[in-house]
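Let's take a walk through a protein together, one stop at a time. Have the sequence and the 3D view open, and follow along as we go.

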Amino acid sequence: MADDGSPVASGAKPDLAPRLRQQPGSDARGSTGPDAGPDAGPDAGPDAGLDAPAPSPSAAAYGGAGWQPRSLSHRAEMRGAGPWSVAGVAAEYAPLTRVLLAPPGPALANAAADPDAAQVLAPVDPVRAAEEHAALADAYRAAGVEVIEMPPSTTHPNAMFCADLFAMTPEGAILARPASAVRAGEEVAVAAALAAARVPILGSMVGRATFEGADLMWLAPDRAVIGIGPRTNDEAAEQIEGLLANVGAVLERVDLAWGTMHLMGVCRIVDRDLAIAWPRRTPHRLVGLLQDAGYAVAAPDPALGETAINTGLNVVTLGPRRILMPGGVPAMAALYRDLGIEAVETPMHELRKAAGAVGCLTGIVGRAA
């Protein structure tokens, strides 16, 4: 039977050619009368309308005279000479120029009924949290840092922790793939925010890789280290090795101690020759890598207590021996002063209840080259 319902003789093949259905006001050729144009009439040949010049290797479009080659490298274009905005990180201590922040949103307020389900430590007062976050943004602006602000999340209570959602390289961002189902999808909003800010994305995770940006740290412009633990797995490390190879860098791996959330939580680089590390928490191999890269490694006294050390290490380096840190940790502030580090403090009492502070809240977009 034919496709129009009529029978087909045995042994005959149905007509498979497409049928032209004549529209009202048109002729069998499909032209539509006065609106069809002069080439649509019965004398129009098969090449009707093809009146553009023939392709020629001498035309600029085909690489001939007038062709304008893209002569700059991608890295140079990211430093103000091309279509991208100025971004990139190759040294943890270089002067900070741009950050990405996401204010706490309604989703965090809604988490008060069941903090564990939202993976925060305790109910968070949304008004105080918003005030503290605004003060954080103001502290960056006062330090001469550009702040890119995302809208607050209505669906993800932890979306304000931007450091987890991407890691910056000299040539673009590597998007995270958070390990927790509670945080799945936060990377989508960050990808959109980075694109809107004209920050290139170097890559993202595939397969079963899980990665959070707070597990990656730059030891030198050609060497980074990643912490393998509950948030970042070996599959992600393998993928990131390939991405960094494309920008001329190698990746070292260290295993995090049980009970450690991120690499960021146990070690911070504060100058070209100084890192601060949490004793008995920092992987021994990481200390060796830091020393091999030329860093002296200072450590807070364990007698200060876990809460003080954990909070006091949650800092962002503003520039060589200059940091932004949570307020209310005088013992750690004194340690920094003794090491010749200027410590700018900002309130974090309420936001710490969500299991993060200055470092966790801050997505690093750019540092001076």
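The lining of the second largest pocket is made up of seven nonpolar, three polar and three charged residues. Keep in mind as you look that this is a predicted model. The space in this second largest pocket comes to about 150 Å³. Its lining has 13 residues, and Gln119, Asn158, Arg231, Met261 and Ala355 are the closest to its centre.

How do we find such spaces at all? Rolling a probe the size of a water molecule over the atoms shows where empty space is left.

Now turn to the largest pocket, which has a volume of about 520 Å³. Its lining counts 23 residues, and those nearest its centre are Met261, Asn310, Asn314, Ala355 and Gly356. Which helix gives the most to the lining of the largest pocket? That is helix α8, spanning residues 306-312, which supplies four residues.

You will find Asn158 in the loop between β2 (146-149) and β3 (166-169). Is Asn158 buried or exposed? Its relative accessible area is 4%, and buried means under 20%, so Asn158 is buried. A polar atom of its side chain lies 2.8 Å from the backbone oxygen of Ala118. Ala118 is also one of the residues in contact with Asn158 when neighbours within four places in sequence are left aside; the others are Gln119, Val120, Val182, Arg183, Glu186 and Ala354.

Our next stop is Thr317, in strand β12 (residues 316-319). Thr317 counts as buried because its relative accessibility is 2%. What does the side chain of Thr317 reach at 2.7 Å? The answer is the backbone oxygen of Ile269. Setting aside residues up to four places away in sequence, Thr317 touches Glu92, Tyr93, Leu96, Ile269, Val270, Arg322, Ile323 and Arg367.

Cys162 is buried, with a relative accessible area of 0%, and Cys267 counts as buried at 0% relative accessibility. How many disulfides does a search of the whole structure find? The count is zero.

Finally, let's look at the backbone. Most residues other than glycine have a negative phi, and most peptide bonds are trans. With that in mind, find Arg198, whose phi is positive, near 60°, in a residue other than glycine. Arg198 sits in the loop between α5 (186-196) and β5 (201-203). Its relative accessible area of 42% is why Arg198 counts as partly exposed.

Arg280 is not a glycine either, and it has a positive phi of about 70°. Look for Arg280 in the loop between β10 (274-277) and α7 (284-292). Is Arg280 buried or exposed? Exposed means over 50%, and Arg280 has 78% relative accessibility, so it counts as exposed.

Terms used:
Residues numbered from 1 in each chain as written. Predicted model: local features only at pLDDT ≥ 70, side-chain atom pairs only at ≥ 80, totals over all residues. Heavy atoms only, no water. 1 Å grid on protein atoms, 1.4 Å probe; cavity = no way out; pocket = protein on both sides within 12 Å on 5 of 7 lines; lining within 4 Å. Points joined across faces, edges and corners; volume = space filled by probe spheres on them. Helix = DSSP H or I, 4+ residues; strand = E, 2+ residues; numbered from the N terminus. Nonpolar A, V, L, I, M, F, W, Y, C, P; charged D, E, K, R; others polar. Buried < 20%, exposed > 50% of the residue type's maximum accessible area, 1.4 Å probe, protein only. Polar contact = N/O pair within 3.5 Å; in protein donor to acceptor, adjacent residues only side chain to side chain. Contact = heavy atoms within 4.5 Å. Disulfide = S-S within 2.5 Å.
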